[in-house]
Amino acid sequence: IRSYGPGRPVRVEVNVENSWVMVKGPRTEFYDATITANGKTVFSQAAMVQPSYTRWRQLFWWDQPVAAYVEQNLDYLKKTRILPNYVPEKAVSPAEVAKDYSRFVAKSAPLEEGIIAPYMPMTGGRGDIAPLPSWTVNYLLTMDKRAYAVTLGSGDLAGSFSSHYRNPKTNRPATSEEFPNLSTHSNLVGRPHNLELPDTGGFKSKLVPQRAHEPSLAFIPYVVTGDRYYLEELQFWSQWNAWGTDPANRGHGKGLISWDEIRGQGWSLRTLAQAAYITPENDPLKQVLLRELKANIDNYNTLYVNNPKANVLHAAFTATKSWSDFAPWMDDYLSWAAGYTVQLGFESARPFAQWKAYFPVQRMINKDYCWILATTYRLRMHPPESSQADSWAESYRLTFNDFAKKKVDPNSVACGSAEMADAMGLAPGEMAGGGNTSGGYPANLQPALAVAVDLGVPGADEAWAKFQARPRSKIPLYANWSILPWPKK
């Protein structure tokens with residue numbers, strides 16, 4: 001219940017959860033729901049189906065509904081540095097806002113997905129995969145009331161996914177510290193001393209969460225409303241992100257995320273940093289989140305910054321990996337997230353963020369590599385005769401030969417030349433990986449380069465200028481990827 005003072009409106013929030021963790025008999029619940037407020041029926045829905053580890057909420061006014069909408073000040077929000085530095089004059093089509101709103105409303109009932117991709121493992125270009133989702137950025141850039149409704153509504157519907165584990169002893173989101181041996185991995189659920197396999201009653205949910213494609217659903221809603229529901233969403237997801245493996249892989253109670261694929265690490269680090277930053281100081285989970293974030297930063301320093309055997313190109317790649325290629329665009333997610341963690345004020349992340357940002361910078365300016373191939377779908381890191389490429393020249397040779405449409409000696413064509421474009425099947429000046437599109441892999445590179453400039457990484461200013469001056473730079477990127485370095489002080 002939220003009261004605005006004597007004689008003023010009273011807002012009522014109803015949360016319905018099926019989220020207790022490590023209890024006997026977890027199951028999908030089937031029921032009809034009716035909510036009354038002040039003697040009036042304010043919600044009614046029959047035949048609801050609620051899987052384990054989900055929740056939903058509805059808001060009502062006790063008496064007469066209040067129609068009020070407050071536009072946030074984008075310049076002020078930027079000054080707090082809690083947002084990426086989005087291009088302020090980026091045009092957002094009113095038709096796009098209207099389309100998003102229509103899609104959201106069509107599936108906005110409790111336990112539905114709204115505009116969120118219901119099956120998060122789905123690949124391909126999606127508006128929810130970025131530092132912030134497209135609809136949230138559209139809201140920030142326009143302050144349109146419909147975009148606001150979609151942003152908050154998506155935060156509500158984040159509860160529809162089975163990623164919510166509440167500790168019945170504390171009545172708060174469960175943590176890795178409290179449950180160091182908990183695992184949500186399908187091979188481990190149902191084992192002794194772990195979660196029971198839920199009884200689904202034959203129901204199979206279409207809503208599937210995944211770290212590798214996890215949107216930021218609750219951070220901005222919490223920033224602009226202060227609603228505890230959104231804070232707990234951040235806390236729930238920040239803990240769930242570490243649990244999809246054998247507990248030993250995450251350091252048991254440390255909640256490490258480095259076991260996951262690189263894009264999953266990037267989005268998990270973003271969520272953990274946001275949760276640790278925005279959780280109030282007097283919240284019991286504040287210190288837990290700070291400890292987990294520190295443990296992850298220390299782990300990254302051990303794996304990379306202080307490891308003489310770390311990848312020489314500064315990719316998040318270790319010699320134990322067996323694949324022969326590497327997705328630089330996934331690595332760019334982690335580079336951005338590490339820089340964003342520093343932006344939120346966690347200075348201990350700076351050494352790793354600077355180490356990590358060397359990789360996107362050098363893909364643009366290294367004399368032994370060509371910036372045209374900075375954004376390939378795969379960048380070769382593993383020649384047949386060794387565990388890792390040991391130089392930029394070797395990685396370039398392997399990557400060039402792998403992606404060339406014509407067999408050409410990489411050293412025989414100049415970087416960015418018409419001859420190179422012909423060999424690669426690209427237009428002159430086009431970067432690989434969708435350089436002629438608004439949402440290709442060059443879009444993923446831009447935030448990584450922006451944070452490299454912010455971090456003062458050697459060569460970052462040169463790399464940024466080169467990226468901005470590329471022949472195809474006039475092709476507009478989607479608004480949620482159009483991120484700039486912060487103005488220098």
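Me: A crossing is left-handed if the near helix is turned anticlockwise from the far one by less than a right angle, and right-handed if clockwise. Which hand does the crossing of helix 9 and helix 13 have?

Reply: Helix 9 passes helix 13 in a left-handed crossing. Please keep in mind that this is a predicted model, in which local features need pLDDT of at least 70 and side-chain atom pairs count only at pLDDT 80 or more, while totals for chains, interfaces and linings use all residues. Residues are numbered from 1 along each chain as its sequence is written, and side-chain values use heavy atoms, leaving out hydrogens and water.

Me: What makes a stretch a helix or a strand here?

Reply: Both are DSSP runs numbered from the N terminus: helices (H or I) have at least four residues and strands (E) at least two. Helix 13, for example, covers residues 441-454.

Me: Why is helix 9 called roughly parallel to helix 13?

Reply: Their axes cross at roughly 30° and come within 8 Å. That angle makes helix 9 roughly parallel to helix 13, since angles under 35 degrees count as roughly parallel, over 145 as roughly antiparallel, 65 to 115 as roughly perpendicular and the rest as oblique. The axes are lines fitted to C-alpha atoms, for helices over the stretch in contact, and angles run from 0 to 180 degrees between N-to-C directions.

Me: Which residues of these two helices meet?

Reply: From helix 9 come W329, D332, Y333, S335, W336, G339 and Y340, and they meet Y441, N444, L445, P447, A448 and V451 of helix 13 (contact means heavy atoms within 4.5 Å). By class, this contact has nine nonpolar, three polar and one charged residues. Here Ala, Val, Leu, Ile, Met, Phe, Trp, Tyr, Cys and Pro count as nonpolar, Asp, Glu, Lys and Arg as charged, and the others, Gly among them, as polar.

Me: What makes helix 3 oblique to helix 4?

Reply: Helix 3 (residues 134-142) and helix 4 (residues 145-157) pack at about 140°, with axes 8 Å apart. An angle of that kind makes helix 3 oblique to helix 4. Helix 3 passes helix 4 in a left-handed crossing. W135, T136, N138, Y139 and T142 of helix 3 make the contact with A147, Y148, V150, T151 and S154 of helix 4. Sorted by class, the contact has five nonpolar, five polar and no charged residues.

Me: Where does helix 2 touch helix 4?

Reply: P94, V97, A98, D100, Y101 and F104 of helix 2 meet R146, A147, A149, V150, G153, S154 and L157 of helix 4. This contact divides into nine nonpolar, two polar and two charged residues. Helix 2 (residues 94-106) and helix 4 pack at about 35°, their axes being 9 Å apart, and the crossing is left-handed.

Me: Why is I262 called buried?

Reply: I262 has a relative accessible area of 10%, so I262 is buried (buried means under 20%, exposed over 50%, partly exposed in between, with a 1.4 Å probe and protein chains only). I262 has its place in helix 7 (residues 262-278). Not counting residues up to four places away in sequence, I262 touches A316, F326, M330, D331 and L334. I262 and P328 are 66 residues apart in sequence and 9.5 Å apart in space, C-alpha to C-alpha.

Me: How do you know whether A389, N171 and A47 are buried, partly exposed or exposed?

Reply: A389 has 2% relative accessibility, so A389 counts as buried. N171 has 46%, so N171 counts as partly exposed. A47 has 62%, so A47 is exposed. A389 sits in the loop between strand 9 (379-380) and helix 11 (392-403). N171 is in the loop between strand 6 (166-167) and strand 7 (172-173), while A47 lies in strand 4 (residues 40-50).

Me: What makes a set of residues a nonpolar core?

Reply: A nonpolar core is a set of buried Ala, Val, Leu, Ile, Met, Phe, Trp, Tyr and Cys residues joined through side-chain atoms within 4.5 Å. The largest one has 104 residues, and M364, L373, F400 and M420 have the most contacts inside it. Helix 9 (residues 328-343) gives the most to this core, with nine residues. Apart from this core lies another, of 23 residues, among them Y53, M120, L207 and L217.
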